[in-house]
Structures are given as structure tokens and as C-alpha cells.
Amino acid sequence: MLETIKYLIGSTGPSGFGSKSTAEEVTQSCGDLRSITAIITGGTSGIGAETARVLAKRGARVILPARSMKNAEETKGRIVSECPDAEIIVMPLDLSSLNSVTNFVARFHSLNFPLHLLINNAGKFAEAHAISEDGVEMTFATNYLGHFLLTKLLVKTMVETAKKTGIQGRIVNVSSAVHAWFTGDVFSYLTQISRNKSHYDATRAYALSKLANVLHTNELARRLKQMDANVTVNCVHPGVVRTRLTREREGFLTGSCNNVLCGNPPKSLQCLGQVLY
């Protein structure tokens, strides 16, 4: 309760920032980011759009993947109108499709860009049951599986970029404290909701996808450490933010705790993270 109160009143944490800190304030000390290339999923609205705007304002080259090219171009236009020198590259990507993810990465690699920052921010909360073209429940396919493949196909480039430039690479997975709401057998439930909508519960499916994000982060961190790679990966809960996701379902997130997910999952789940990776 005390931590929630601190969050609500904007008390600063060890970093010197709190819930009332803006992205511009947080990045003020970063200086010129013209040497940085960043990929931000879900960058056409909400947290992703603000992240893209501020990184572009600081000079970073921003890759903006999106399902809707129209929305992506509009976001790019807004950023460029504020920052005329901004380098924003719009590319098609549907995270629910593994083929789309593979094609996006191929296009990105064809540009021969380095990659310093990967922000896996896009999120979906599917009220209605749906199955992806790959036969996986849509929320899990979008929130976890697409981001997993995207990261897996890009991590080598990030490791190489960090080695060549000496600049630490950073992967950020945006999860949710709602991950703790999932109980039961992960694989059994995923199989059920990928085959039969009668077992589908939107909130539980969302919690499952966010738990997978946390487990993926922990396992990837372990593997990067084994490789002695100069790349970090962190999983964060952004707090209660009024984005398109929460506007569409008032009250869904407003009771959740507001903490950065920096701890380790229970030991019983660590082996599951290895399987999900």
C-alpha cells in the first residue's frame, strides 16, 4: 500500500524519477543520440508514440514498425513537424504473424543499420477470442510470440553492434503486473484457448502473455550473460497509464500494483522460461 501511495503522489525512486516524470525529463541527461538506432513496436500511440517522439527529439534514428502504415505515417508526420531533422523509418509489421515478423527483420537487415535499442512495447488485449494465422491464441501470439521471434532474430545484430561501437545494447520488454494474476498450467491453458473458445477468458489470456514476457526476459538475460554480451534486457510494468489499451476497458488495470518487474520469478517457473525461450 505504501508503495502505491508513493507512486500516486509521484515520489521519486532510486533513479531520481517518479510517476510524474516525463520522458523528456528522463532522457535530458542522455545528450545527443544521433549514434543510436532504435526499434519501437506499438509506436503509433500511447507509450510507444511518446517514446518514439522523445528518442527522435534526442537525435536517435527510430524504426517504427506497424500493422497500419497509415497510422505509422501520421505518427511520423507529427514527430517530424516538431523535430524536422528526425529520422523516422516506417515499416510494416504484424506481430501476430510469424511470417510478417520474419519479413520485417529481413527488410531491416537489408538496410545495414546497427541496432542499439529494441523496445518491445506493443500490446493487445483481445476481448473476443481469436486465433492467429499460425494457429495460436491472438493475445499470446501478439504480446509474446511475435516479440519473442523479433528479439531472437535481432539479438545477434545487437550483440555485434555493441561489440563494434562499445555502446551497450538494451532490450526492453513492456509487461504488466497483471502477469501475477495467472495461475494454473501454462501449456495446458494455452493449448485449450488455441483450440476452443469455450475455455477463453480475456484477462487470464492477457496475464498469461505477460507472464511469458517476464519469463522470456529472465531467460534471455541469463543467456546474454553467458555470452558475455554487452547487451542488457529488462522487463517493466509501466504503471497505470491512460493509453488506448486501458481507455477501452476502464478499471481493468487501475487496481494493479505499480512496480518495475525487477525480481526473479519463482524457481518453479525458471525452467518454464527456458522452454518459452
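Start with Asn-121, which is buried, at 13% relative accessible area. Buried means under 20% relative accessible area, exposed means over 50%, and partly exposed is in between, with a 1.4 Å probe and protein chains only. This is a predicted model: local features need pLDDT of at least 70, side-chain atom pairs count only at pLDDT 80 or more, and totals for chains, interfaces and linings use all residues. Residues are numbered from 1 along each chain as its sequence is written, and side-chain values use heavy atoms, leaving out hydrogens and water.

Asn-121 sits in the loop between E4 and helix H6 (138-165). Helices (H or I, at least four residues) and strands (E, at least two) are DSSP runs, numbered from the N terminus. Leaving aside residues up to four places away in sequence, Asn-121 touches Thr-41, Gly-42, Ile-47, Gly-48, His-147 and Val-174. Contact here means heavy atoms within 4.5 Å.

Next, Asn-120. This one lies in strand E4 (residues 117-120). Asn-120 is buried too, at 2%. Its C-alpha is 9.5 Å from that of Cys-235, 115 residues apart along the chain.

Now phi. Asn-112 has a positive value, near 60°, and is not a glycine. Asn-112 is in the loop between helix H5 (98-110) and E4. Is Asn-112 buried or exposed? Exposed, at 68% relative accessibility.

Asp-228 also has a positive phi, about 60°, although it is not a glycine. Look for Asp-228 in the loop between helix H8 (202-227) and strand E6 (231-236). Asp-228 counts as exposed, at 69%.
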